[in-house]
Amino acid sequence: MSTDSTTTTTDARPRELLQASNVKKHFPLDEGLFDRLFGGDQVVRAVDGVDLTVHAGETVGIVGESGSGKSTLGRTVSRLYEPTDGSIVFDSEHIETYSGRELRPIRRRVQYVFQDPMSALNPRKTVGESVARPLAVHDIADGEEKWERVADLFEEVGLSRSQLDAYPHELSGGQRQRVGLCRALVTEPDLIVFDEPVSALDVTLQAQILNLINRLQREFDLSYLFISHDLTVVRQVCDRIVVMYAGEIVERGTARDIFENPQHPYTRSLLDAIPQVDGGRRSDRKHLGGQPPSATNPPSGCRFHPRCPEFIDGRCSGEQPSLQSVEGDGPDHEAACHWLDPSEGERATHTPPSRAEREIIQESSGD
Ligand SMILES: Nc1ncnc2c1ncn2[C@@H]1O[C@H](COP(=O)(O)OP(=O)(O)OP(=O)(O)O)[C@@H](O)[C@H]1O
């Protein structure tokens, strides 16, 4: 995989707030007795050599199917998880090896918003107390000032002061997610990692929360990493998007590049699967066939090749394609696909394998 270009002083772009290089997060396999005895040192390769940059003030989306490694990447670069390998630079500080006290200022400056805000709220405490707690933990404010800050934030996100005394179970899903936003904002962070923040909400509430997230970014000068499996959601908030498959980035670019000129067959499959509104009726155009591969024993070469409708015999299963620039688009647009290699000729000359052929390929790769 190639590395994100580094911002130099001549670059007009905002500064790099977060830069992760070749980040890996492998988990020990939850083995049975047989595996423990004979399985060797197998691991779950949840994130397997990823480069990721977030510039100040921008929103970077991470998309991919369930199990592609989105949450693990978000948790690793925000140092909720310790990386297995790679470097993570936050505001010019190498944080990949930080622990304990060293991580405290990072915890204040990098916040995480979960899909289920209940997981960050204590069911026995009022939501006001839960939001106020980080102010005490980080010695930011106490007493009257602490409560003023929390009450102001409640109003900022569309909650009332009287809801400070509510318990989480007394609030609706949308209200709880607003409380989750308050809890993330209260330490005045620079970066917020949103992990499927609206997946549990209906479409109307989703739109309200996404508008709120956009407004808060402008008001508080925030940078976002936005994890979602839902491309329609990502489109509404992201400046740049990275597409993950089986622990790796297969394509990245501006939101416009990804939606208007997708290059990787996996990205195109994701886009094709977005439900379309046709004459007032929603219809699914295409579904990506097959299952995501094992994170323990991913396919050789391009990890997507067993499911790829544009598989090149021999090459795709043999060599791992590296991210390369997409001709004609900006420097941000890169994809990892052998079809981008000019020596392979025109994409259009290739005949995709039939469904039966794909099943044989999948079987022979052991997926
Ligand atoms: N704590 C863990 N221990 C072992 N394996 C894990 C752990 N967390 C995640 N995994 C595995 O790592 C891979 C990536 O999971 P991850 O949750 O990061 O994917 P995801 O793209 O966020 O999916 P989802 O949208 O379903 O959360 C999966 O195979 C998952 O089973």
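# Questions on a predicted model

Biologist: How many helices and strands are there in the chain?
Modeller: This is a predicted model. Buried residues make up 39% of the 367 residues in its chain. As for secondary structure, the chain holds 12 helices and 14 strands.

Biologist: Which strands stand at the edges of the open sheet of eight strands?
Modeller: The order of the strands in this open sheet is β6-β7-β8-β3-β9-β10-β14-β13, and the pairing is mixed. A strand at an edge has a single partner, so one side of it is left without a neighbour in the sheet. The strands in this position are β6 (110–113) and β13 (324–325).

Biologist: Which residue in β10 is the bridge partner of R240?
Modeller: Strands of a sheet pair through backbone hydrogen bonds, either parallel or antiparallel. Strand β9 (residues 240–245) and strand β10 (residues 248–254) run antiparallel and are joined by six bridges. In β10, the partner of R240 is T254.

Biologist: Which element supplies the largest share of the shell around the ligand?
Modeller: The ligand is surrounded by 13 residues, and the closest are F27, A46, S66, S71 and T72. By type, the shell divides into four nonpolar, eight polar and one charged. At least two residues each come from β2 (43–55) and α2 (70–77). The largest share, three residues, is supplied by α2.

Biologist: Which residues touch the most other members of the largest nonpolar core?
Modeller: This core has 76 residues. F226 is in contact with residues beyond four places in sequence, including V60, F194, V234 and V237. The residues that touch the most other members of the core are L225, F226 and V243.

Biologist: Which residues of helix α4 are buried?
Modeller: Helix α4 spans residues 127–137, and D139, with a positive phi near 50°, follows it. The cover over its buried residues includes α5 (143–156) and α6 (173–185). The buried residues of α4 are V127, G128, S130, V131 and A132.

Biologist: Is R307 buried or exposed?
Modeller: R307 lies in the loop between β12 (281–283) and α11 (315–318). A residue is buried if 20 or more other C-beta atoms lie within 10 Å of its own. R307 has 23 such neighbours inside 10 Å, and therefore it counts as buried.

Biologist: Which residues does S300 touch, not counting those up to four places away in sequence?
Modeller: S300 has its place in the loop between β12 and α11. With 13 C-beta neighbours inside 10 Å, S300 counts as partly exposed. Beyond four places in sequence, the residues that S300 touches are S317 and G318.

Note on methods. Residues are numbered from 1 along each chain as its sequence is written. This is a predicted model: local features need pLDDT of at least 70, side-chain atom pairs count only at pLDDT 80 or more; totals for chains, interfaces and linings use all residues. Two strands pair if DSSP finds at least two bridges between them. Helices (H or I, at least four residues) and strands (E, at least two) are DSSP runs, numbered from the N terminus. A residue is near a molecule or strand if its C-beta atom, placed from the backbone, lies within 6 Å of it. Ala, Val, Leu, Ile, Met, Phe, Trp, Tyr, Cys and Pro count as nonpolar, Asp, Glu, Lys and Arg as charged, and the others, Gly among them, as polar. A residue is buried if 20 or more other C-beta atoms lie within 10 Å of its own, exposed if 12 or fewer, and partly exposed in between; C-beta atoms are placed from the backbone. A nonpolar core is a set of buried Ala, Val, Leu, Ile, Met, Phe, Trp, Tyr and Cys residues joined through C-beta atoms within 7 Å. Two residues are in contact if their C-beta atoms, placed from the backbone, lie within 7 Å.
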